[in-house]
Amino acid sequence: MSEQYILVTGGAGYIGSHTVIELIQNGYKVVIVDNLINSSFDAVSRIEFIVGEKVPFFNVDLKDEKSLTKVFETYSIKSVIHFAALKAVGESTKIPLDYYDNNVNGTITLLKVMNNVNVKTIVFSSSATVYGDATRFENMIPIPEHCPNDPTNPYGKTKYVIEQIIHDLYNSDPEWRAAILRYFNPIGAHPSGLIGEDPLGIPNNLLPYLAQVAIGRREKLSIFGNDYNSHDGTPIRDYIHVVDLAKGHIASLSYLNNLESNKGLFREWNLGTGKGSTVFDVYHAFSKAVGRDLPYEVVGRRAGDVLDLTANPTRANTELEWFAEKSIEDACKDLWRWTTKNPFGFQLDNYKWTIFGEIEGNRLHTVDLDGFKVSITNYGATIQNIELNGDKLVLGFDNLESYQSSSNPFFGATVGRYANRIGNGGFTIDGKSFKTEINESENKTLHGGSQGFDKKQWLGPIVLKEDDNSVSLSFKYIDPNGSNGFPSDLETIVKYIVSPKNTLTIDFESQIVGNNGDVTALNLTNHSYFTLGDDVIDEYQVELSTPKYLALDSNQLPTGETKKLDSTSFKFGSQQFDDDFIINEANELLDTRSQDLKTLVNISSSSHSIKVSSTEPAFQLYTGDGIFVGEFKSRAGFAVEPSRPVNAINSSNAKQVILRKGETYGSKIQYEFA
Ligand code: NAD
Ligand code: WQD
């Protein structure tokens, strides 16, 4: 039987994105449906980065029955977790029809489609708001599931109505299994700092508002009344960490899945901590996480607020064996980490992306810092363009097909697993021999083989603004054991840092993951071809920081001897280089990032220049004589590829290219343009 998926509606949203991560980390396969009306695709690419795999995503409105049906036809879906809804209480009082239409009609369409395809298990995002003001009764705080419902606003009424609809459906067909989860006040963010709540406009909720005060986007918090009957006069809520909430979905899903066959169920569960906290309690906890008292003012009560909404979570604790484990302090720390890393949520000035080519989800990401523009695509984590004040400084294609072609001379590529050449058709580590794919004459593997890192779609990127106003883009790829003959599952992160000083820095990091091997050969670099404005490179002035390079045999493999250039300062003229220059012969480091960046070469034309620095012990200089592709001619650009020496894996100094499980491989390259 084909693999079974959980469909998550609203999976790009705040609670949905955290739940998708928990699901995948618990072994579930997930498909996301979200029309992005209140979220961003970046949340999905960050989910993928965190979990290390692609997650099928459909930009579909739940009310679109035809498109939704197609999702169920494309994937074998076992159950649905249904988050998709509009959720702003205040807005719902102004545009109630939109709320009923989106939430109620969207759910009816979903249930109809599920019924048609015989998928009858649903976990529904309800809300404590269905209880209304539970203080209208005596002894209903903490609130149990049997507390009578009385929602006080259109949003809450949509939740109430949907619960009834699902109940009626169950009554009509007891094969249905429905978990109605009534959330209390979800707060916090993913501990990675990469996923969190990203409210559009002015936040309605307490912690998102306070976070914007702390980061300087809002002046001060307005506290809505301090004349309630609580220990400090402010209202009491049950704040629950969003990761705990996400775990509640896994617990309820497995409860439904473990019911006796042919047994249906309709059941409500409160998801809360059972502990009430006041507005001031939360204010103090968040101020502590930030490290200073945040500005606030006590103002009048907000219409519709009630004194106390604290859950009685006993039913979920006992039946689902689920407990909220994290504290408000944990949530505040995680929220602050998310906020400082992402002060404007998923939005970032100076960054945009477009679709690039026909591979699902492949994108081109562009950072533009006042005329210094860098574009990188997921395919190969490839540098597609670098521009300074409108002049292109790197060779690149405007279409994905050219990158996929075998005639692509590694334009802008992240090459791997093994940059440059491996001789002898492979290598031996600890007495064990590995045959790598031969993609060059005389038994050589060039740049990791024909299906190397440059031909893979990388996950991410995570795009972040760094402290010095640089923008970083991190891509991840997990290369499986056996890929092009290389052993072990290998996780690699390539981080590009575009700085306003017209530098592009690349940070490489790899580790062995999984249990399919514990060693590999590794050598990483970027293979950009630079151009400094001329059609060919011949007039470019070169200043090398070393004259020393490896003597090569007729096979382009090192003889063990080194040679020296007469001069390190020259014009390319008609000279051809495809040579490995040596910066540090004694290098044995596997992670060179502890070293200072060292200048390797300065190359200039009459209009531009590039300085290449790195922490690496060697670099290949290639004059691009073999470029014959599309509009690009021989010597249209030159490549400088900082890395470990050619064929080091078959030399006496192989330590620097052997990565073992538990170790980290790393290196750094910097290009500085003028
Ligand atoms: P959110 O807005 O971040 O996520 C909801 C997602 O659903 C968004 O990504 C949005 O784009 C998507 N969506 C909305 N309408 C859609 C449609 N017609 N088709 C496809 N996608 C659609 O909100 P959230 O805080 O993550 O809330 C998730 C669910 O939990 C909602 O049902 C909400 O009512 C419920 N809930 C939230 C809270 C809370 O305080 N955040 C509390 C209780 C219940
Ligand atoms: C919390 C406390 C405010 C903002 C809402 C929905 C509910 C559910 C969760 C979806 C209250 C006080 C707030 C501010 C403040 N959502 N506050 N200043 O109202 O408990 O619940 O979100 O289902 O349905 O109603 O959450 O975060 O808005 O407020 O003083 O700027 O913080 O008065 O006491 P609420 P909240």
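**Exercise 1. Identify how many residues surround ligand 1 and which are the closest.**

Solution. Count a residue as near if one of its heavy atoms lies within 4 Å of the ligand. On that basis 27 residues surround ligand 1. The closest are Asp34, Asn38, Ser39, Phe83 and Tyr155. This is a predicted model, in which local features need pLDDT of at least 70, side-chain atom pairs count only at pLDDT 80 or more, and totals for chains, interfaces and linings use all residues. Residues are numbered from 1 along each chain as its sequence is written, chains are lettered from A and ligands numbered from 1 in the order in which they are written, and side-chain values use heavy atoms, with hydrogens and water left out.

**Exercise 2. Determine which element gives the largest share of the shell around ligand 1.**

Solution. Helices (DSSP runs of H or I, at least four residues) and strands (E, at least two) are numbered from the N terminus. Helix H1 (14-25), strand S5 (121-127) and helix H6 (154-172) each supply at least two residues of this shell. The largest share, 3 residues, comes from S5.

**Exercise 3. Describe the surroundings of ligand 2.**

Solution. 

- Step 1: the shell holds 18 residues, and the closest are Ser127, Tyr155, Ser222, Arg237 and Asp305.
- Step 2: strand S8 (residues 221-224) contributes the largest share, 4 residues.
- Step 3: a polar side-chain atom of Asp305 lies 2.6 Å from an oxygen atom of ligand 2.
- Step 4: a backbone N or O atom of Leu206 is 2.8 Å from an oxygen atom of ligand 2.
- Step 5: a side-chain N or O atom of Asn185 is 3.0 Å from an oxygen atom of ligand 2.
- Step 6: ligand 2 taken alone exposes 680 Å², of which the protein buries 88%.

Note on methods
A polar contact is a pair of N or O atoms within 3.5 Å; within protein, one must be able to donate a hydrogen and the other to accept it, and residues adjacent in sequence count only if both atoms are side-chain atoms. Accessible areas come from the Shrake-Rupley method with a 1.4 Å probe; for residues, only the protein chains shown count as cover.
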